[in-house]
Amino acid sequence: MDRYDPEVTPSPDAWLALDEGERIHLIEAYHRDVRANIPRAARTLHASIHTVVENQLALNDEPVVRAFSRLRKEGLSRHDAIHAIGSVVAEWLYDIKNEPHTPESARAHYYAAVERLTAAEWRTKGDD
């Protein structure tokens, strides 16, 4: 795999065969090539969160796959659905850094937030 396009589902086998750094690099390259408005200091973080979501989809992580499918049916593009789930990943990372969690409670907290996520909620957050 030598290119990434967030609107095209990568082959799970090809995606997972890549090293994590290669996945992040491909996503950074895509956003650079389309001249996405991402501050230079946040590019790797943005790509890393994108990678987390793509990994979960490739691994068929059921709560994430269900949420992704629902978000698409609610009208989000594939790329926007990845960003919406990525926003939950970012909030979850902040929460687990600042509040004590066991691995099980952290996972349950994340999955519950993903299951609650709607396209309308994500669009509203983007307007802040």
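How much space lies in the largest pocket?

## Basis of the model

This is a predicted model, in which local features need pLDDT of at least 70 and side-chain atom pairs count only at pLDDT 80 or more, while totals for chains, interfaces and linings use all residues. Residues are numbered from 1 along each chain as its sequence is written, and side-chain values use heavy atoms, with hydrogens and water left out.

## The largest pocket

The largest pocket holds about 260 Å³ of space. A pocket is an open set of points, on a 1 Å grid over the protein atoms alone, where a 1.4 Å probe fits, with protein on both sides within 12 Å along at least five of seven lines; lining residues have an atom within 4 Å of a point. Grid points are joined across faces, edges and corners, and the volume is the space filled by probe spheres set on the points.

The lining has 11 residues, of which His46, His83, Gly86, Ser87 and Trp122 are the closest to the centre. Two or more lining residues come from each of α3 (43-58), α5 (78-98) and α7 (119-126); helices are DSSP runs (H or I, at least four residues), numbered from the N terminus. The largest share, five residues, belongs to α5.

## The second largest pocket

About 150 Å³ of space lies in the second largest pocket. Its lining consists of Ile27, Glu28, His31, Arg32, Ala36, Ile38, Arg43, His46 and Ala47.
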